[in-house]
Amino acid sequence: MSLIKEIDFGTPIRVSEKQVTLTIDGEAVSVPAGTSVMAAAMSLGTKIPKLCATDSLEPFGSCRLCLVEIEGRRGTPASCTTPAEDGMVVRTQTRNLAKLRKGVMELYISDHPLDCLTCSANGDCELQDMAGAVGLREVRYGYEGENHFHDKKDTSNPYFTYDPTKCIVCNRCVRACEEVQGTFALTITGRGFDSRVSPGGTDFLGSECVSCGACVQACPTATLIENTVIEHGQPEHSKVTTCAYCGVGCSFKAEMQGDRVVRMVPYKDGKANEGHSCVKGRFAWGYATHKDRITKPMIREKISDPWREVSWDEAIGHAASEFKRIQGRYGRESVGAITSSRCTNEEVFLVQKLVRAAFRNNNVDTCARVCHSPTGYGLKTTLGTSAGTQDFKSVAKSDVILVIGANPTDGHPVFASRMKKRLREGARLIVADPRRIDLVKSPHIRADYHLQLMPGTNVALINAIAHVVVTEGLIKEDYVRERCDLVDFEVWARFIADERNSPEASEQFTGVPAADVRAAARLFATGGNGAIYYGLGVTEHSQGSTMVMGMANLAMATGNIGREGVGVNPLRGQNNVQGACDMGSFPHELSGYRHVEDDATRQIFEMMWGQALDTEPGLRIPNMLDEAVGGTFKGLYVQGEDIAQSDPNTQHVTAGLSAMECVVVQDLFLNETAKYAHVFLPGASFLEKDGTFTNAERRINRVRQVMAPLAGKAEWQVTSELSRALGYPMSYSHPSEIMDEIARLTPTFTGVSYDKLEKLGSLQWPCNDKAPTGTVLMHVDRFVRGKGKFMITEFVPTEERTGPRFPLILTTGRILSQYNVGAQTRRTANSTWHAEDVLEIHPFDAENRGIKTGDLVALASRSGDISLKAEVSERMQPGVVYTTFHHADTGANVITTDYSDWATNCPEYKVTAVEVRRTNYYSQWQEQNREESVLLRLIAGHMPEAAE
Ligand code: SF4
Ligand code: SF4
Ligand code: SF4
Ligand code: FES
């Protein structure tokens with residue numbers, strides 16, 4: 001294996017219908033108009049020396065190393081800033097140029113510490129390469145003059161170091177932070193010799209920097225360099241794989257020494273990220289080898305017993321015999337499983353297969369139940385497919401972007417960077433969110449409208465926007481007539497035009513001034529390509545599915561589905577939410593969203609699997625827990641999911657788990673759910689296995705094994721063995737065989753194979769005979785369901801009401817540096833930025849309660865109470881408080897309620913009536929939970945220690 005090196009064309013690849021033809025060093029080349037001479041030369045394989053240019057950034061023209069001669073032009077223009085033109089005759093290698101370049105390099109090197117042999121970037125330094133390329137052997141100026149050799153290093157960031165002694169002030173880092181990341185954290189201070197890179201006059205940690213790593217990636221020297229490279233040295237080999245965090249699905253090169261990861265470098269050919277990353281994927285991978293990893297299977301009779309390490313055979317055999325015993329005693333329906341959006345498609349597919357074929361029921365559900373299940377329901381009903389309509393790139397063609405209930409800069413940072421780029425180019429922005437998220441106002445971006453609605457009133461807001469569109473004659477009539485069901489449309493138009501849906505009538509619920517809603521609606525309907533991006537702030541409500549349909553209605557009414565720049569786009573939380581749903585994880589659906597009651601579909605599976613399948617939908621997660629409390633559901637296999645932390649109303653979840661006779665947890669760590677487990681099966685991180693993840697664009701990306709599984713087996717192997725022990729043999733020698741089976745059974749996947757993924761890099765489903773290389777945009781000429789279906793979306797206020805006892809509304813979300821329940825990120829230096837969950841509260845509410853930032857406050861709801869620190873913040877509106885749920889010992893879900901989406905049971909995490917008051921104590925639940933956690937770790941032989 002070798003290190004994958006991508007070609008750097010020096011300047012961005014241009015796309016143009018017009019080609020220009022020029023001659024470079026005697027060779028003719030045709031390139032799209034707008035291409036630089038440097039990139040044109042590179043397309044011939046001619047590398048012109050360069051320092052300040054790289055193809056992820058617009059040309060800057062500062063280093064003067066890339067000089068060329070062009071016939072008929074005076075002087076020696078910089079090839080990076082000179083566009084190629086028809087008929088141009090360019091020379092890149094002449095005696096004169098060689099002399100000039102050598103002179104430039106001499107100046108750089110005279111202020112550069114000559115410690116190449118001991119430098120961490122030795123072998124991966126463009127300055128070193130260029131010195132070689134121009135043939136520099138000696139420096140005439142000497143090193144005694146003025147220099148920067150004694151400048152101080154900035155080691156404040158836990159992941160990378162800034163060593164100004166090596167800086168050549170090429171500006172690449174500053175431009176990367178601006179152009180690629182869109183954070184504008186860096187500047188060049190001083191002039192001439194005194195020019196220095198500065199993170200806003202402070203150190204990196206104290207600055208606006210969000211640790212995306214773009215500047216480190218762009219730096220041609222060792223000035224900005226990963227600490228892991230300083231510590232371990234240069235990597236030796238690499239493989240391309242996919243980030244295991246969010247639904248953006250960024251591709252990375254895992255750069256290795258032996259089986260140790262040295263760094264994760266965002267992959268330029270990765271279609272989702274095109275060479276960009278965020279702090280999680282780029283740096284927060286150390287959890288994979290954290291000392292808390294459990295690498296030996298364990299069993300125990302009762303959950304109060306200590307764990308006993310056993311062999312894989314014994315653990316799997318014990319789990320199987322327990323499931324068989326339970327089914328024998330309590331019936332076939334008494335057991336089930338939960339799949340995880342953090343596992344690969346292949347692993348998820350096998351778990352649901354195990355449930356259907358080995359348990360012989362349909363009691364399988366997935367964590368998408370608690371996040372994007374309303375997306376599946378709402379988009380399938382209106383458009384015909386349970387998935388987003390666009391690829392991420394599409395946002396570059398949007399004119400008006402409507403972000404609803406999503407916080408992309410924290411939750412989906414790499415997509416947010418794309419979106420911010422488009423906004424800086426002039427696209428208009430409407431944000432609908434109860435909280436003032438960063439996107440509302442950030443460098444060079446200001447939302448045209450921030451519709452700061454009360455949590456729980458999304459449907460009232462979307463109806464009010466649609467009301468304006470309908471009553472002010474802004475419907476795209478041709479589009480609707482041609483593409484949508486007109487009977488449904490007429491019924492919907494009458495409903496939505498009713499006065500009760502007007503912005504004025506809705507204001508009492510939403511709190512958003514009617515004039516703002518009217519103006520935003522006009523902008524969306526008339527501003528060109530209108531794209532909707534949304535997140536869990538839409539789905540995690542009692543009307544989550546209604547809201548998804550409301551957005552689809554709006555998109556159809558304004559003609560905004562079926563081409564680039566438009567669409568209804570769910571920003572998926574976890575890396576494989578889309579895939580987990582696609583793979584048949586829901587109790588009523590087989591892979592490809594086909595109902596288990598459909599005889600023809602079921603028969604295909606029965607034939608392939610050689611097993612009769614249950615014809616009735618199985619239990620959803622909340623039903624499993626209810627039935628466990630009721631005494632009829634007794635056994636659960638949970639793969640890669642921590643329902644005791646992530647699901648709502650923790651006390652109800654733990655009551656359900658405690659009532660079961662066999663809980664099998666398969667995970668990297670002893671998580672909260674493992675406190676209630678009888679069998680623990682060690683999991684494998686994304687670095688330890690092969691497979692695929694499907695991101696929010698429906699893009700299937702390869703996950704590639706770069707190190708052996710620490711526990712000896714990947715999950716797909718364990719699931720196969722468990723199935724065999726249950727009496728239903730599965731035999732696969734590689735996940736590619738599982739994908740082959742998925743393809744045989746799933747019409748939208750029939751064209752997917754590992755071979756094709758190897759050739760094309762990634763594939764967006766549907767990928768089949770009709771679309772052999774996949775489908776970038778959905779619903780282009782017609783909707784998947786035929787005619788687009790408008791649905792009635794009556795606003796029904798949630799039953800969770802505020803009152804004198806609980807006067808505030810709590811809404812929850814996530815933060816950039818942490819991820820979901822924090823199992824991974826809490827075991828990395830990402831906790832530097834977010835060591836605990838805090839409660840954001842508006843100054844008005846804080847003052848009324850005598851609360852200051854840093855005070856411990858008790859947060860109580862009808863479900864329970866916890867204590868956490870307060871942060872007084874004007875991001876909030878009066879009456880609404882906010883927290884994250886990344887830390888198990890905070891227990892944010894002790895507070896949340898059992899209310900859920902009417903169609904899918906997705907919990908209403910985003911609306912909980914609460915009261916907040918100052919306190920000196922942690923809650924009883926927290927104290928007890930802490931004791932249990934310490935005990936659990938001691939039992940497992942893991943002493944409690946601070947996260948690394
Ligand atoms: S830190 Fe690196 S990228 Fe930034 S100006 Fe210095 S050498 Fe160039
Ligand atoms: S890490 Fe990212 S945000 Fe921070 S300075 Fe570099 S480019 Fe900017
Ligand atoms: S967490 Fe999401 S945005 Fe960040 S690197 Fe991973 S996939 Fe990309
Ligand atoms: S690479 Fe062209 S001026 Fe620096």
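The face of H21 turned away from its buried side carries two exposed residues, Ala-600 and Met-607. Here buried means under 20% relative accessible area, exposed means over 50%, and partly exposed lies in between, with a 1.4 Å probe and protein chains only. Helices (H or I, at least four residues) and strands (E, at least two) are DSSP runs numbered from the N terminus.

The model is predicted, so that local features need pLDDT of at least 70 and side-chain atom pairs count only at pLDDT 80 or more, whereas totals for chains, interfaces and linings use all residues. Residues are numbered from 1 along each chain as its sequence is written, chains are lettered from A and ligands numbered from 1 in the order in which they are written, and side-chain values use heavy atoms, with hydrogens and water left out.

## Exercise 1: the buried side of H21

Task: find which residues of helix H21 (residues 599–609) are buried, and state what they pack against.

Solution. Step one is to list the buried residues of H21, which are Thr-601, Arg-602, Phe-605, Glu-606 and Trp-609. They cover an arc of only 135° around the axis, which puts them on the same side of H21; the arc is that of the directions from the helix axis to the C-beta atoms. Step two concerns contact, meaning heavy atoms within 4.5 Å: the buried residues of H21 pack against helix H9 (345–359), strand S23 (589–590), strand S24 (594–595) and helix H26 (735–745).

## Exercise 2: aromatic pairs

Task: determine how the rings of Tyr-245 and Tyr-287 are arranged, and then do so for Trp-307 and Phe-680.

Solution. Begin with the rule: rings of Phe, Tyr and Trp (its six-membered ring) pair if their centres lie within 6.5 Å, and planes under 30 degrees apart count as stacked, over 60 as edge-to-face and the rest as tilted. By this rule there are 18 aromatic pairs. One of them is formed by Tyr-245 and Tyr-287, at 6.1 Å centre to centre with 65° between the planes, and is edge-to-face. This pair links distant parts of the chain, 42 residues apart, since Tyr-245 lies in the loop between strand S9 (237–242) and strand S10 (251–257), and Tyr-287 in the loop between H7 and strand S12 (298–299). Both Tyr-245 and Tyr-287 are buried. The rings of Trp-307 and Phe-680 have their centres 6.4 Å apart and their planes at 75°, so this pair too is edge-to-face. Trp-307 is in the loop between S12 and strand S13 (308–309), while Phe-680, 373 residues apart from it, is in strand S27 (residues 679–682). Trp-307 and Phe-680 are both buried.

## Exercise 3: the shells around two ligands

Task: identify the residues around ligand 3 and around ligand 2, and sort each shell by class.

Solution. A residue is near a molecule or strand if one of its heavy atoms lies within 4 Å of it. Around ligand 3 stand Cys-243, Tyr-245, Cys-246, Val-248, Gly-249, Cys-250, Phe-252, Cys-278, Lys-280, Gly-281, Pro-413 and Val-414. Helix H7 (279–283) and helix H12 (413–424) are the elements that give two or more residues to this shell. For the classes, Ala, Val, Leu, Ile, Met, Phe, Trp, Tyr, Cys and Pro count as nonpolar, Asp, Glu, Lys and Arg as charged, and the others, Gly among them, as polar. The shell around ligand 3 then divides into nine nonpolar, two polar and one charged. Ligand 2 is surrounded by residues including Phe-160, Cys-177, Cys-209, Cys-212 and Cys-215, and its shell has nine nonpolar, two polar and no charged residues.

## Exercise 4: backbone exceptions

Solution. As background, most residues other than glycine have a negative phi, and most peptide bonds are trans.
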